[in-house]
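Hello,

Here is the structure we talked about, followed by some notes on what turned up in it. Please have it open while you read.

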Amino acid sequence: LLLSIRNTFRRKGRLALTLFTLIIAGAIFIAVFNVRASLADFMDLLGQHFMADVTVTFNQPYRVAQVEQDAYEVPGVEHVEGWGGTSAKIVDENDDEVSTLLLQAPPAGSTLLKADMLAGRWLIPTDDKALVVSDSIWGDHPGLQPGDTLRVEINDGRAEEWPVVGIFRFTDMLGDSLGYVNYETLARLTNSLGRATTYKIVADAETLQRQDAVSKAVDQQLRARGYKVANVEAGLVSRQQQGQAINILVIFLLTMALLTAVVGSIGLTGTMGMNVLERTREIGVMRAIGAVDLEIIKSVVVEGMLIGLLSWAAAILLSFPISYLLLKIIGQAMIKSDMPLSITANGMLIWLGVVIALSIFASILPARSASRLTIREVLAYE
């Protein structure tokens, strides 16, 4: 083992060149997994604002109590919430429209939404005319902070000052800012108290197939009861469809990383071959004092694995800035905004297996060649 460690660092220039390609391949590979996890987390963060296990949309408002009663009859339905929603205008002192605010109104105390708060707090049941808005509001109202007010006009009614109690992370990909207000407040202002057109259902379904089955059962149940159903959507089904474009990008980046790894393994094979050639006399001495074929092979393979492990450790360190850079590029291209970086160990562990396999594969041919040399041949080598 000590001999293999010594031989690994014998030619430092050659070692650096060999490590370079493997480190780049590993860093990109690990970074792709981090980017994939970041995109998935970001899509989940956005999706919770619009999707639940099952989301039901009607063509007209229905009484919340009646819809809940009928939905609970479907096996698998655990919780039902009626959500309100409307489009409001943010106006200036002269009541001229400045921007549009898409308002959603969950029932007070709803646990279906866990927004990523950047400032302030989320709504509490005692809030009346209080707003929580997305960070995209800063595009039209720079410097807005919790405690400030927005002049809001709902359904062409009288504009009123609404205090902002919190700001959450979102994106401006919708074009308009997203805001939240308690259901009771919005329902009172829109004369729809006790009724809703959108219902979010929590089901005992953790798999796509189960959610899809529950959503179909809910659809059949509500239509059979005479409701005018516009759409019934399973959350994981929508999430899978959204993830297809991401998967194409991930596969492309992983292919680049693996191709670079193949080039690195070819370079490692050449390095190990040259190392064995330079150590021909040394191998002969080892054979002369009793080293069997397995020991010769082991010393070469261990040297190759040490190079692979060194590249793996360096690749982990390099993967962090590459992950940040890739995510920034993708975020600006997709939503013109930065996304929070998520780190996952999956890429590191998978790359560890890949680099060990590549190292063994790249070392095995030079190792076999070294083990086949006779004592007479190696001692006579010039």
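**Aromatic rings and a surface patch**

At 14% relative accessibility, Phe 33 counts as buried, because buried means under 20% relative accessible area. Please keep in mind that this is a predicted model.

Which residue forms an aromatic pair with Phe 33? The partner is Phe 29: the two ring centres are 5.1 Å apart, and with 40° between the planes the pair is tilted. Helix H2 (residues 12-47) holds both Phe 29 and Phe 33. They are four residues apart there, which is about one turn of the helix. Phe 29 has a relative accessibility of 5%, so Phe 29 is buried too.

That pair is one of 11 aromatic pairs in the structure. There is also an aromatic cluster, formed by Trp 83, Trp 122, Phe 168, Phe 170 and Tyr 180.

Now to the surface. Leu 317, Phe 320, Tyr 324, Leu 341 and Ile 343 form a nonpolar patch there. Together these residues have about 490 Å² of accessible area. Leu 317 is found in helix H8, which covers residues 293-334.

Regards

Methods:
Residues are numbered from 1 along each chain as its sequence is written. This is a predicted model: local features need pLDDT of at least 70, side-chain atom pairs count only at pLDDT 80 or more; totals for chains, interfaces and linings use all residues. Side-chain values use heavy atoms; hydrogens and water are left out. Rings of Phe, Tyr and Trp (its six-membered ring) pair if their centres lie within 6.5 Å; planes under 30 degrees apart count as stacked, over 60 as edge-to-face and the rest as tilted. Helices (H or I, at least four residues) and strands (E, at least two) are DSSP runs, numbered from the N terminus. Buried means under 20% relative accessible area, exposed over 50%, partly exposed in between (1.4 Å probe, protein chains only). Patches are made of residues with over 30% relative accessible area and no salt bridge: like charges are joined within 9 Å, nonpolar side chains (Val, Leu, Ile, Met, Phe, Trp, Tyr) within 5 Å. Accessible areas come from the Shrake-Rupley method with a 1.4 Å probe; for residues, only the protein chains shown count as cover. A salt bridge is a side-chain nitrogen of Lys or Arg within 4 Å of a carboxyl oxygen of Asp or Glu.
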